[in-house]
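Here are some notes to read alongside the model, as numbered points. Keep the structure open while you go through them.

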Amino acid sequence: MEKLQISLAAARVNAGLTQEEVAKNMKISKNTLVNWEKGTSEPTVTQGLRLSELYNMPLDNIFYH
């Protein structure tokens with residue numbers, strides 16, 4: 001789970017987005033995104049696909065980097 005949290009946070013920062021911007025675009029709470037980035041929960045596949053679009057990265061780069 002540690003790699004996932006690092007990749008999610010790094011991908012967001014590299015995309016130049018704040019947690020607030022991502023949460024608003026994803027229609028989730030900021031707390032949900034924080035939990036994903038901390039590794040206490042994980043996004044669904046559908047949410048992961050949306051993240052890859054937002055971050056302009058292939059899905060496997062975000063989750064298997």
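1. First, what counts as an element: helices (H or I, at least four residues) and strands (E, at least two) are DSSP runs, numbered from the N terminus. With that in hand, Ser-52 sits in helix H4. Bear in mind that this is a predicted model, where local features need pLDDT of at least 70 and side-chain atom pairs count only at pLDDT 80 or more, while totals for chains, interfaces and linings use all residues. Residues are numbered from 1 along each chain as its sequence is written, and side-chain values use heavy atoms, with hydrogens and water left out.

2. Of the 65 residues in the chain, 32% count as buried; buried means under 20% relative accessible area, exposed over 50%, and partly exposed in between (1.4 Å probe, protein chains only). Contact means heavy atoms within 4.5 Å. Among contacts in the chain with a separation of 6 or more, 53% come from residues 24 or more positions apart.

3. Now H2 against H3. Two packed helices are described by the angle between their axes and the distance between the axes. Axes here are lines fitted to C-alpha atoms, for helices over the stretch in contact, and angles run from 0 to 180 degrees between N-to-C directions. The axes of H2 (residues 19–26) and H3 (residues 30–38) come within 8 Å and cross at roughly 115°. H2 and H3 are therefore roughly perpendicular to each other; on this scale, angles under 35 degrees count as roughly parallel, over 145 as roughly antiparallel, 65 to 115 as roughly perpendicular and the rest as oblique.

4. The crossing of H2 and H3 is right-handed. In terms of handedness, a crossing is left-handed if the near helix is turned anticlockwise from the far one by less than a right angle, and right-handed if clockwise. On the H2 side, Gln-19, Glu-20, Val-22, Ala-23 and Met-26 meet Lys-30, Leu-33, Val-34, Trp-36 and Glu-37 of H3. The residues in this contact split into six nonpolar, one polar and three charged. For the classes, Ala, Val, Leu, Ile, Met, Phe, Trp, Tyr, Cys and Pro count as nonpolar, Asp, Glu, Lys and Arg as charged, and the others, Gly among them, as polar.

5. How do H2 and H4 cross? Their axes come within 11 Å, at roughly 125°. That makes H2 oblique to H4, and the crossing is right-handed. Here Val-22, Asn-25 and Met-26 of H2 meet Gln-47, Arg-50, Leu-51 and Leu-54 of H4. By class, that contact has four nonpolar, two polar and one charged residues. Val-22 and Met-26 turn up in the H3 contact and again in the H4 contact.

6. Which residues of H2 are buried? They are Gln-19, Val-22, Ala-23 and Met-26. Seen down the axis of H2, these fall within an arc of 100°, so they line one face of the helix; the arc is that of the directions from the helix axis to the C-beta atoms.

7. H4 (residues 45–54) has Gly-48, Leu-51 and Ser-52 as its buried residues. Viewed down the H4 axis, they fall within an arc of 100°, so they line one face. The face turned away from that buried side carries the exposed residues Thr-46 and Glu-53.

8. Back to Ser-52: at 12% relative accessibility, Ser-52 counts as buried. Leaving out residues up to four places away in sequence, Ser-52 touches Met-57, Pro-58, Leu-59 and Ile-62. Ser-52 and Leu-8 lie 44 residues apart in sequence and 9.8 Å apart in space, C-alpha to C-alpha.

9. Two backbone spots deserve a look. Lys-27, which follows H2, has a positive phi of about 60° although it is not a glycine. Lys-27 lies in the loop between H2 and H3 and counts as exposed at 76% relative accessibility. Asn-56, in the loop between H4 and helix H5 (59–63), has a positive phi near 55° and is likewise a residue other than glycine. At 71% relative accessibility, Asn-56 counts as exposed.

10. Last, Asn-14 in helix H1 (residues 2–14) counts as exposed at 64% relative accessibility. Asn-14 and Asn-56 are 42 residues apart in sequence and 9.7 Å apart in space, C-alpha to C-alpha.
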